[in-house]
Amino acid sequence: MRFLSLLLFVAVSGCSYTQPNLKPKQWRFATDPHGSQAILNGPLVNEEQVAIQFKRVPRVDKQNNSWVELIYDLPVKQLPSQFNIALTYKSDNALIVKLSQQEYGGSGDKSYAHYQTKLPASNTWQTINVALNDFARPNWTPAWSKDKGVILKHVSALYFVPDLTDVEGGEASLAIKSLRIE
């Protein structure tokens, strides 16, 4: 009985996900309403990878920015403490990984200045590990956006964003073979 209780405690309280995390229901994408596009050659997620192409239009004006995002919804809608993300990916542009936290998004201050880290472009499969101390707020964060730090229980998703400029927009291809969060 003690073993069953311990197993139940670990299953209920643990937030570590070590499977490859290629479950279709946890992946989606988003684009702005200004003409940016997501292009799929088949399903977004298959048994081997998550794959998408984006076309991002240049920024429309000061109030209307363009954007494209590949989104992984965390199964328990929070990150585990002292997490490590092991990501195997290919991207023809540098790849920005954002921690989607409610304080900075649409239900927060609407700055969208989420903590993020930038990974190098790679035309071959590359595995990179990132931890909490690899993330910082972007240098474009508005002065009025109060930095509340990363609140792990308020991070509900990871955003994977090709590093395309506001001024020029551009095209990008992105594929993820494995995502582990421990």
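Let's start with Leu-70: leaving aside its neighbours within four places in sequence, this residue is in contact (heavy atoms within 4.5 Å) with Trp-27, Arg-28, Phe-29, Leu-44, Val-50, Ile-52, Phe-54, Leu-158, Tyr-159, Phe-160, Leu-174 and Ile-176. The model is predicted, so local features need pLDDT of at least 70 and side-chain atom pairs count only at pLDDT 80 or more, while totals for chains, interfaces and linings use all residues. Residues are numbered from 1 along each chain as its sequence is written, and side-chain values use heavy atoms, with hydrogens and water left out.

**The chain as a whole**

- The chain has one helix and 10 strands; these are DSSP runs numbered from the N terminus, with helices being H or I of at least four residues and strands being E of at least two.
- Read from the N terminus on, the elements go α-β-β-β-β-β-β-β-β-β-β.
- Of the 182 residues in the chain, 42% are buried; buried means under 20% relative accessible area, exposed means over 50%, and partly exposed is in between (1.4 Å probe, protein chains only).
- Among contacts in the chain with a separation of 6 or more, 72% are between residues 24 or more positions apart.

**The nonpolar cores**

- A nonpolar core is a set of buried Ala, Val, Leu, Ile, Met, Phe, Trp, Tyr and Cys residues joined through side-chain atoms within 4.5 Å.
- The largest one has 33 residues, and Trp-27, Leu-70, Leu-87 and Phe-160 have the most contacts inside it.
- At least two residues of this core come from each of strand 3, strand 4, strand 5 (84-91), strand 6, strand 8 (122-131), strand 9 and strand 10.
- Strand 10 gives the largest share of this core, with four residues.
- Another core lies apart from it and has six residues, including Ala-30, Ile-96, Ala-157 and Val-161.

**Strand 9 and its partners**

- Seven of the eight residues of strand 9 are buried, so this strand is largely enclosed by the rest of the structure.
- Strand 4 and strand 9 pair in the antiparallel sense over four bridges; two strands pair if DSSP finds at least two bridges between them.
- Strand 6 and strand 9 also run antiparallel, joined by seven bridges.
- Phe-160 of strand 9 is the bridge partner of Leu-70, and Phe-160 is the bridge partner of Val-97 too.

- Tyr-72 lies in strand 4 and is buried, with a relative accessible area of 0%.
- Beyond its neighbours within four places in sequence, Tyr-72 is in contact with residues including Asn-21, Gln-26, Trp-27, Phe-160 and Ile-181.
- Tyr-72 and Phe-29 are 43 residues apart along the chain, and their C-alpha atoms are separated by 8.5 Å.
- Ser-100 lies in strand 6 and counts as buried at 9% relative accessibility.
- Leaving aside neighbours within four places in sequence, Ser-100 is in contact with His-114, His-154, Val-155, Ser-156, Ala-157 and Tyr-159.

**The pockets**

- On a 1 Å grid over the protein atoms alone, a pocket is an open set of points where a 1.4 Å probe fits, with protein on both sides within 12 Å along at least five of seven lines; lining residues have an atom within 4 Å of a point.
- The largest pocket holds about 890 Å³ of space, where a volume is the space filled by probe spheres set on the points, and grid points are joined across faces, edges and corners.
- Its lining has 31 residues, and Asn-65, Trp-67, Lys-98, Tyr-112 and Trp-140 lie nearest the centre of the pocket.
- Strand 4 (68-73), strand 6 (95-101), strand 7 (116-119) and strand 9 (155-162) are the elements that give two or more residues to the lining of the largest pocket.
- That lining divides into 10 nonpolar, 12 polar and nine charged residues; Ala, Val, Leu, Ile, Met, Phe, Trp, Tyr, Cys and Pro count as nonpolar, Asp, Glu, Lys and Arg as charged, and the others, Gly among them, as polar.
- The second largest pocket holds about 180 Å³ of space, and the lining of the second largest pocket has eight nonpolar, six polar and no charged residues.

**Positive phi in the loops**

- Tyr-112 is found in the loop between strand 6 and strand 7, and has a positive phi of about 60 degrees although it is not a glycine.
- Gln-82, in the loop between strand 4 and strand 5, has a positive phi near 55 degrees and counts as exposed at 72% relative accessibility.
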